[in-house]
Amino acid sequence: MTSVSPRYTRIAGTGSHLPPRRLSNAQMVQLLAARGVETSDDWIVERTGIRARHFADDGVNASDLALIAAQQALASAGRTAAEIDLIIVATSTPDMVFPSTAAILQAKLGVAGCPAFDVQAVCSGFVYALTVADAMIRSGAATRALVIGAEVFSRILDFNDRTTCVLFGDGAGAVVLEGSDQPGILAADLHADGRHVGILCVPGTVSGGQVLGDPLLKMDGQAVFKLAVTVLESAARAVLEKAGRTEADIDWLIPHQANIRIMNGTARKLKLPTDKLVVTVDEHGNTSAASIPLALDHAVRNGSVKRGDTVMLEGVGGGFTWGAVLLDY
Ligand code: ACO
């Protein structure tokens, strides 16, 4: 039998999970005050739009959050784990140095055999993973994929550094992808520029049974901010051009949820009204690779994103990495 590769990859279902422990800004103020570190709800809201974030309890890993998000996505697609033949997890906070969080997740899903691997592109991880899965499905290398962004960033935060620790949270988001002749993913545009490694990194490493260097997140916020607004606009324009669409065709913009000012700035540059912008950064903080699929799932479940809508996903983060995916949901 000859198999014909599908023309498109479609999102068949979405899911997400936030660990139950929610910390409001007021609780972060208290937590930091106990360490002699000063911050305020006003500063965090005004500079970032963040009002709360979720932190996983000790012993809960990225694969545990990914499992619940994956099970939800499978249920919403009407599929079982046994029907999946590709698993990709985007994460920068894996359960172990190796094996991959995707392999650990595969076992937790109770299946074996299909390829499973992680993608590490920090906050751009989900758009990178989606693009890889799309290429594998359209080439015939896979027929049905689980793509997940899952993070426990609370583990790599320096709670003595107020310029970073108030920004991030934990969570997971997942999609089930299938080949289709109906439009789904229309175009993708990925980039990296390793000259900017130092502006956003966790510089520690494991060597000789010890952690060498500092295993906590470091960020030059202003440098990241400036690069982010530029590259998010260029990636958006590039995918629109590749797909033969214009800004006017976008029903929903789902950018990486890092900072409301960057998100509003991107929407403004694309001449999109803010009611086309999906915002979850206020309640989730920056969940890195999990932020886009978490926001997508929330927007699908609250009835905002509907079948047939044109959705722009945009990631930006450490590396420096960035990218966009345009799709018909
Ligand atoms: N509470 C109170 N004051 C604070 C805090 C805080 N939590 N953090 C910083 N400040 C102070 C600073 O010390 C500084 O004080 P000073 O003027 O007395 O020196 C003042 O606030 C202003 O600091 P800036 O760094 O200039 O603040 P800015 O407006 O740039 O906002 C922020 C900082 C929110 C980090 C912003 O630069 C930003 O969002 N950057 C982009 C982050 C991002 O998008 N990351 C995405 C990628 S994430 C990834 O890939 C993992």
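**Entry 1. Helix 7**

How far apart in helix 7 are Arg-237 and Glu-233? I looked up the pair and found them 4 residues apart in helix 7 (residues 221-243), which means a separation of about one helical turn. Helices here are DSSP runs of H or I with at least four residues, strands are runs of E with at least two, and both are numbered from the N terminus. An α-helix has 3.6 residues a turn, so residues three or four places apart point the same way. The side chains of Arg-237 and Glu-233 form a salt bridge at 3.1 Å, N to O; the term requires a side-chain nitrogen of Lys or Arg within 4 Å of a carboxyl oxygen of Asp or Glu. Arg-237 counts as partly exposed at 32% relative accessibility. I use buried for under 20% relative accessible area, exposed for over 50% and partly exposed for what lies in between (1.4 Å probe, protein chains only).

**Entry 2. Basis of the entries**

The model is predicted, so I note that local features need pLDDT of at least 70 and side-chain atom pairs pLDDT 80 or more, while totals for chains, interfaces and linings use all residues. Residues are numbered from 1 along each chain as its sequence is written, and side-chain values use heavy atoms, with hydrogens and water left out.

**Entry 3. The two domains**

I recorded domain 1 as 8-180 and domain 2 as 185-328, with bounds from an automatic or database domain assignment. Their centres, taken over C-alpha atoms, are 14 Å apart. I found 55 residues of domain 1 in contact with 49 residues of domain 2, where contact means heavy atoms within 4.5 Å. The area buried between the domains is about 3,900 Å², and carbon and sulfur atoms give 61% of that. Buried area is the accessible area (1.4 Å probe) that two parts lose on being put together, summed over both. On the domain 1 side, Cys-123, Val-127 and Tyr-128 lose the most area to domain 2, together 15% of what that side buries.

The side chains of Glu-283 and Arg-22 meet in a salt bridge at 3.1 Å, N to O.

**Entry 4. Backbone geometry**

I found a cis peptide bond between Phe-98 and Pro-99, with omega about 5°. Pro-99 is in the loop between strand 4 (86-90) and helix 4 (101-108). A cis peptide bond also joins Gly-319 and Phe-320, with omega about -5°; Phe-320 is in the loop between strand 14 (310-317) and strand 15 (321-328).

Val-122 has a phi of about 50°, lies in the loop between strand 5 (116-119) and helix 5, and counts as buried at 19% relative accessibility. Ser-288 has a phi near 50°, sits in the loop between helix 9 (281-284) and helix 10 (291-301), and is buried at 1%.

**Entry 5. His-256**

Is His-256 buried or exposed? I found His-256 buried, with a relative accessible area of 5%. His-256 lies in the loop between strand 13 (252-255) and helix 8 (260-269). Beyond its neighbours within four places in sequence, the contacts of His-256 include Cys-123, Ser-288 and Glu-314.

The buried residues of helix 4 are Thr-101, Ala-102, Ile-104, Leu-105 and Gln-106, and their cover includes helix 3, strand 4, strand 5 and strand 6. I looked up Lys-108 and Asp-64, whose side chains meet in a salt bridge at 2.7 Å, N to O. Lys-108 lies in helix 4 and Asp-64 in helix 3, so the pair ties together parts 44 residues apart in sequence.

Over the whole structure I noted 15 salt bridges. Arg-79, Glu-83, Arg-144 and Glu-178 are linked in a network of them.
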